Each structure stands twice: as structure tokens, then as C-alpha cells.
Amino acid sequence: MHRNTPPRSTIRLTRRGRLVLIATGAVVAGTAVAVPLLSLRGEGERESTTLVIPEGWRAGQIYDAVDKALGRPPGTAKKSLAKANLKLPTDAEGNPEGYLFPATYPLERNGRKTTPEALLSFMVDTANKKFNGAPVAAGAQRNALNVYQAVTIASIVQAEAATEADMGKVARVVFNRLERGMPLQMDSTINYALNRSTLRTTGADIKIDSPYNSYQRMGLPPTPIDNPGEAAMRAATNPTPGDWLYFVTVKPGDTRFTNSFEEHRRNVAEFNKNQRNSAKAG
């Protein structure tokens, strides 16, 4: 297969699509984890408490949110997986990552507080309804994927795309790299392997022995790396046509995609210049 990946010691893809020189390192900004409990009360209505799960949260973040929302000791939701009887695809091997669908969930049913296993089951059932419908299933088949592989790509797109508008192009980069036998080289997978949401990716980081190390391992990671939303799923099953292999967010609102390594290096140089100017201004 044709390979035109630049030397790994020179350049790397980073989370949110940013590419920087390894020598300089990069801090990948993570979203602060919060438990957005919303107490909703309309006129004449009794209080209804819900838990909002945002797109892109990992399973570990969701377990913590469920425990806090239900007033349970830390670790309760994760332990409840054994008795939750989640309806997961065979490929998941019991791991619900990718299938805890981002949405707003009620914490009470029939006047009684729900349980962690019931709440997690609700999330998985919601994911199955979204993912097993004709649009996703047909889109996965059209791209020679099964649905679980499509969810895995969607999770990478969710982590890497700077905006919803970029998701289709990021998905195309993933497909183009897979088709050319190139490693994905996505820092979002390194993030997942190290269980960190903010990190400085170094040469040592990309040498870690992990099936989620997309610098050292070919193909997709063994599971999704977060829980993607509907927009990321649409991108993964209907990627934007293009020949891009690289992308970099030069500045907010300006993500550049290219199939030329040299053009990409120029974009990276502009990104680094903007970062230096921002640091001086700050």
C-alpha cells in the first residue's frame, strides 16, 4: 500500500486536529468535567431532575456523573455494569464506551429515583435506537464497516473536530489514512490510553504500549474513545468527499485540510506563530 506518512519524530496529529512539532510539545486543552444537573420546574409542575450527558464524554466521566447525580458512592455506577444487562454489540465485549448516548436523562421514574444500572441501560438503549436505524446501518455498510466500527470512527471525529462543520472532513482524513495503510496518528487516542483529558504529548507518550496508540498500531483502536453524538455519527457514515490526509486548526474557526505534507508544514508554522503571539499578548 502507498505510504507517505512523515517521520513520526517530526510531526504529529493532535486532538482537535492541531498539528505541532514534537520538539515543542503541545498542551491539549480538555473540557472541565462537570455534572450538569438541571432542576426544571414549570408553573404548576412538580420538580423534575435530569442529568445531561454531553457529546464526547468518556464512560469514566459518565460513571462519575451518574454516581454524583444519584448520590451514590464513587465507583457504584461502574460496578453496576455486571448486573445492568446492557444490550451491547458482540464486538464491545461488555465495554459500553461509545454506547452511553449523549442526551438528557430523567433521574426519577414514577416518583422514585432511578438506579445506576437502569440509567446506564437507558443510555445504551438510546444508542441502539440511534445507531441501528437505517441511516447509520446503511452508511456503515456503504463504507465497508459494521456499526461498531462506525461508532469508533465517530468517537475519534467527536474528539478531533474543532467544529461540527469540520466533522465530515475529519472523518474523511480517517478513511483516507486507513485506505492508504497509514497510521491514524491521532492524539485523542493517546489521551484515551493515558486516561487524561489535558496532556503534553511527547515522544515518550507516543511510544506507550497500548492498543489505543494510533502512532504504533495500524487501523482503528479496539473500542470507541468516547461517546459520540448524532453529528459525529453522520460524519462517520457520510464523510465529506476529499483527498485530505492532514489537518490543523491554525486559529479558532480556521481549520485547514490538505493532502500535501509541505502545505501542511506551512500551516503548522502559521499555527505555531499564532500560538507564540497569543502567549505574548497574554
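This is a predicted model: local features need pLDDT of at least 70, side-chain atom pairs count only at pLDDT 80 or more; totals for chains, interfaces and linings use all residues.
The R256 side chain takes part in a salt bridge with E270, where the closest N and O atoms are 2.7 Å apart. This pair joins distant parts of the chain: R256 sits in strand β11 (residues 254-258) and E270 in helix α10 (residues 261-281), 14 residues apart. E270 has a relative accessible area of 30%, so E270 also counts as partly exposed.

R256 has a salt bridge with D254 as well, at 2.9 Å from N to O. D254 is buried, because its relative accessible area of 18% is under 20%. Together, D254, R256 and E270 are linked in a network of salt bridges.

Another salt bridge lies between the side chains of E117 and K83, at 3.8 Å from N to O. That distance is within the 4 Å cut-off, so the pair counts as a salt bridge. This pair, too, links distant parts of the chain, with E117 in helix α4 (residues 116-131) and K83 in helix α3 (residues 81-84), 34 residues apart. K83 is exposed, because its relative accessibility of 61% is over 50%.

The table lists the pairs described here.

| Salt bridge | N to O distance |
|---|---|
| R256 and E270 | 2.7 Å |
| D254 and R256 | 2.9 Å |
| E117 and K83 | 3.8 Å |

These pairs are among the 7 salt bridges counted in the model. Side chains of opposite charge can pair when their charged atoms come close.

Note on methods:
Residues are numbered from 1 along each chain as its sequence is written. Side-chain values use heavy atoms; hydrogens and water are left out. Helices (H or I, at least four residues) and strands (E, at least two) are DSSP runs, numbered from the N terminus. Buried means under 20% relative accessible area, exposed over 50%, partly exposed in between (1.4 Å probe, protein chains only).
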